[in-house]
Amino acid sequence: WFATARDELKTCRFCRFTDNFLLFNAAPKRIDWTDDEGWKALEEKVRICAWLAREGGAKGLAADFEPYGENQWKHDPTNGLSFAETAKLSRRRGAQFARGMAAELPDGVLLTLFLNSVVVGAGRAQDPEAMLAQEHYGLLPAFLNGMLDAAPPGLTIVDGCESGYYMDSVEAYQRAALDMRGWNGPCARLVAPENRAKYRQQMQAGFGFYLDM
């Protein structure tokens with residue numbers, strides 16, 4: 001099915017752009033966290049896209065977790081599950097996402113437009129979980145924990161800090177980078193203790209520059 005796309009990618013001869021990615025968008029509909037078949041299908045789609053990236057000479061996938069429709073990441077208390085229970089499921093699904101990519105690109109790069117940087121305020125709160133339970137992207141840190149659970153040592157994950165396009169000084173970028181990369185920073189605080197060493201080793205901080213802003 002994807003032979004034509006693969007062949008077209010192979011014909012590209014990039015001279016200036018050294019790190020290219022296949023964009024992986026969030027779906028307009030959410031997948032229920034309890035839907036095993038739905039997440040199995042998504043894992044397979046991630047694997048196919050990672051195969052295309054590998055065959056086409058790309059570095060990896062660029063994941064945009066912004067929900068262009070129903071929000072996957074905000075806890076819905078009407079589903080009968082507590083936030084902690086839903087976060088546990090989100091972590092499991094994050095591991096599936098990482099396994100799908102690692103099956104074809106174990107040494108690739110997952111460039112996300114944002115991860116814990118989008119909920120950095122929760123990492124500064126006295127009770128992060130209580131704040132995440134109300135946040136628009138409150139379940140995303142659990143998903144990242146799952147990705148870290150399953151990521152092989154060669155897989156790099158980038159927090160692209162999309163809000164970087166609002167920053168207008170060197171100091172602002174430095175502060176945000178420390179928030180993301182600091183061992184005791186607010187973003188690392190949202191990572192499970194057993195994954196913090198892995199976070200430091202395999203996570204990178206990035207910033208979005210939108211030239212048409």
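This is a predicted model: local features need pLDDT of at least 70, side-chain atom pairs count only at pLDDT 80 or more; totals for chains, interfaces and linings use all residues.
Five strands make up an open, parallel sheet, and their order is β1-β2-β3-β4-β5. The edge positions belong to β1 and β5 (203-205); each has a single partner strand, so one side of each lacks a neighbour in the sheet. On average, neighbouring strands are turned by 25° against each other, direction ignored. In general, strands of a sheet pair through backbone hydrogen bonds, in either a parallel or an antiparallel way.

The individual pairings can be followed strand by strand. Between β1 and β2, which run parallel, there are 5 bridges, and L23 has A62 of β2 as its bridge partner. Helix α2 packs on the sheet here, where α2 touches both β1 and β2, and its direction makes about 160° with that of β1. Further along, β3 and β4 run parallel and are joined by 4 bridges, with V109 standing opposite T156 in β4. Strand β4 also pairs with β5, again in the parallel sense, over 3 bridges; here V158 finds its bridge partner in Q204 of β5.

Strand β4 (residues 156-159) is covered on both faces. On one side T156 and V158 are buried, and on the other I157 and D159 are buried as well. As a general rule, side chains in a regular strand alternate between the two faces of the sheet.

The largest nonpolar core holds 48 residues, and F65, F97, F143 and M147 have the most contacts inside it. Elements giving two or more residues to this core include β1 (21-25), α2 (36-55), β2 (60-64), α3 (83-102) and α6 (140-150). Leaving aside neighbours within four places in sequence, M147 is in contact with G94, A95, F97, A98, L110, L115 and I157. Helix α3 is mostly covered, with 14 of its 20 residues buried.

S117 is placed in the loop between β3 (109-112) and α4 (120-124). The side chains of S117 and D159 are joined by a polar contact of 2.7 Å. Beyond its neighbours within four places in sequence, S117 is in contact with D159, C161, M180 and C187. D159, in turn, is one of the buried residues of β4.

Notes. Residues are numbered from 1 along each chain as its sequence is written. Side-chain values use heavy atoms; hydrogens and water are left out. A polar contact is a pair of N or O atoms within 3.5 Å; within protein, one must be able to donate a hydrogen and the other to accept it, and residues adjacent in sequence count only if both atoms are side-chain atoms. Contact means heavy atoms within 4.5 Å. A nonpolar core is a set of buried Ala, Val, Leu, Ile, Met, Phe, Trp, Tyr and Cys residues joined through side-chain atoms within 4.5 Å. Buried means under 20% relative accessible area, exposed over 50%, partly exposed in between (1.4 Å probe, protein chains only). Two strands pair if DSSP finds at least two bridges between them. Axes are lines fitted to C-alpha atoms, for helices over the stretch in contact, and angles run from 0 to 180 degrees between N-to-C directions.
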